[in-house]
Amino acid sequence: MRSAPVAFALVASACARYTPAPLGPGDTAAAYQSRRLDTAELRAYLAAHGAAPADGWRSSDLALVALYYQPALDRARAQWRSARAGERTAAARPQPDLQGELGYAPGAQALESRWLAAINAVFTVELGGKRGARLAAARARTAAAVADLEETAWRVTRVVRAGAVQLAAAEERLADAELGAERTGAFAARLRQRYAEGALARSDLAAIETEDADARAALLRERALVAAARDGLAQAAGLPPAALAGHPIAPEAAPSCAADATDSLQTVALHRRPDLGRALAGYAIAEAELRLAVAGAYADLSLGPGYTWDQGIGRWSLVLALPRLPLNGNRGPIAEATARRREEAARFAERQQGLLEAVAASAAACRVALAELAGADSLRRATARRAELARAAYDRGEIGASELEPIELADARVLRELHAARRRLAEAGMAQEMAIGAWPPGEIRWPDPRQAPRPEGVSP
């Protein structure tokens, strides 16, 4: 009888316990609103990976902030851990069954035992390599989860890089709007003076006043767009907009744009793009699932040793069984798995071709943008030279302000067109960076996304 407490203790120790973990949406929202750039934990994390935002925050610094704060990384990391736990589940062997029987025979003879007891253990042996195939599929899912985690981290940093480039473009447009409003306002003031002196018609003054009003409206619009771009950059970094207030943003380096060397860029893209690795992992999963379906064509073997005590007589027995005989050869699941493998192979080929086409398209866009920039730069040099000559003539008294101002306004418009051409080139460069899988520029030691930046259970 001493064995009964021991058996009960073993069973009790094997039982898992459920630990509740309620989710509070209010706490999550409060944690988001309390995020800052000056916390000691974040500063230590940035310093450990080579970020030193002393003179201004660069896109690479804010990309690290995004890797620290963005919940998309926590979600992808949890999926990876779930996939790793799935490997343990896949490696488990079938658990044995234990069956018992207790009976009583009231019609037995007086000197015979009327009790009957039997106990049987059933062990299942998997055949056909099912466990190996199941484990291979689980490992492929883990590889897919790692690829998804790496792709999530890369895309998070790309959003920050795009936000920083958009902010730089908005600030450049604001500077152009300020210059245009300043020159237009000064010209309008001079023409109002001439109108007051009776030397200018009302129709001529109305035209410049309309242009002056448009310039001031454009200035207000560009200021609002700069504020919106700054808020968008904060949100890309996983911060509330107020967290970025008061922190200087360093000038963002313009993306490089290569119009040639398409073959080398495509080679770089094939090695860098994490979504291509995700597609390969998807094919590996389909391959392992086909292997598992083929293994399902083999029956398993069940062994059931048992002992029976029947009215005073004990007997040992061994039961052999083939449960769930696959009489149809498991042809249906095999056909489905084969089709899925073909589907994943086609999906990978589609993804790879799309990637190569995106790299080629980005090189073509760079050629067009470079040609536009060359034309805009040539025109800008011509108008700048004309404006310089006009100002010299004005200083010598050869022309008046009414002749100088239109030339300067035309020069300001050409300057805005030049900056617009530069921004289009930057957009083409951003598309090329995206196509080849580049990370934000900077001397940053990018962390392993599998390593959580915070202790388990600590809110960001």
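**Briefing: cavity, helices, strands and salt bridges**

The structure holds one cavity of 30 Å³ or more, a cavity being a set of points on a 1 Å grid over the protein atoms alone where a 1.4 Å probe fits but cannot get out. This is a predicted model, in which local features need pLDDT of at least 70 and side-chain atom pairs count only at pLDDT 80 or more, while totals for chains, interfaces and linings use all residues. Residues are numbered from 1 along each chain as its sequence is written, and side-chain values use heavy atoms, with hydrogens and water left out.

**Cavity**

- The largest cavity contains about 90 Å³ of space, a volume being the space filled by probe spheres set on grid points that are joined across faces, edges and corners.
- Its lining (residues with an atom within 4 Å of a point) consists of Y45, L67, L73, R77, A153, W439, P447, D448, P449, Q451 and P453.
- By class, eight of these lining residues are nonpolar, one is polar and two are charged; Ala, Val, Leu, Ile, Met, Phe, Trp, Tyr, Cys and Pro count as nonpolar, Asp, Glu, Lys and Arg as charged, and the others, Gly among them, as polar.

**Helices**

- Helix α6 covers residues 130-196, 67 residues in total, and reaches 96 Å from its first C-alpha to its last, close to the 99 Å expected at 1.5 Å a residue.
- The expected span is 1.5 Å times one less than the number of residues, and helices (H or I, at least four residues) and strands (E, at least two) are DSSP runs numbered from the N terminus.
- Just after α6, G198 adopts a positive phi of about 80°.
- E357 belongs to helix α10 (residues 331-395) and is partly exposed because its relative accessibility is 47%; buried means under 20% relative accessible area, exposed over 50%, and partly exposed in between (1.4 Å probe, protein chains only).
- E357 and A169 are separated by 188 residues in sequence and by 27 Å in space, C-alpha to C-alpha.

**Strands**

- Strand β2 (residues 115-125) runs antiparallel to β3, with eight bridges joining them; two strands pair if DSSP finds at least two bridges between them.

**Salt bridges**

- The whole structure has 33 salt bridges, each defined as a side-chain nitrogen of Lys or Arg within 4 Å of a carboxyl oxygen of Asp or Glu.
- R158 and E433 form a salt bridge with their closest N and O atoms 3.0 Å apart. The pair links distant parts of the chain, with R158 in helix α6 and E433 in helix α11 (residues 401-436), 275 residues apart.
- R158 counts as buried because its relative accessibility is 4%, and E433 counts as buried at 10%.
- D61 and R58 meet through their side chains in a salt bridge (3.0 Å, N to O); D61 is buried at 0% relative accessibility, whereas R58 is partly exposed at 31%.
- R216 pairs with D212 in a salt bridge, the closest N and O atoms being 3.5 Å apart. Both residues lie in helix α7 (residues 202-236), four residues apart, about one turn of the helix.
- R216 is partly exposed, with a relative accessible area of 46%, while D212 is buried at 5% relative accessibility.
- Salt bridges with shared partners join E151, R155, R273, D275 and R351 into one network.

Note on methods: 1 Å grid on protein atoms, 1.4 Å probe; cavity = no way out; pocket = protein on both sides within 12 Å on 5 of 7 lines; lining within 4 Å.
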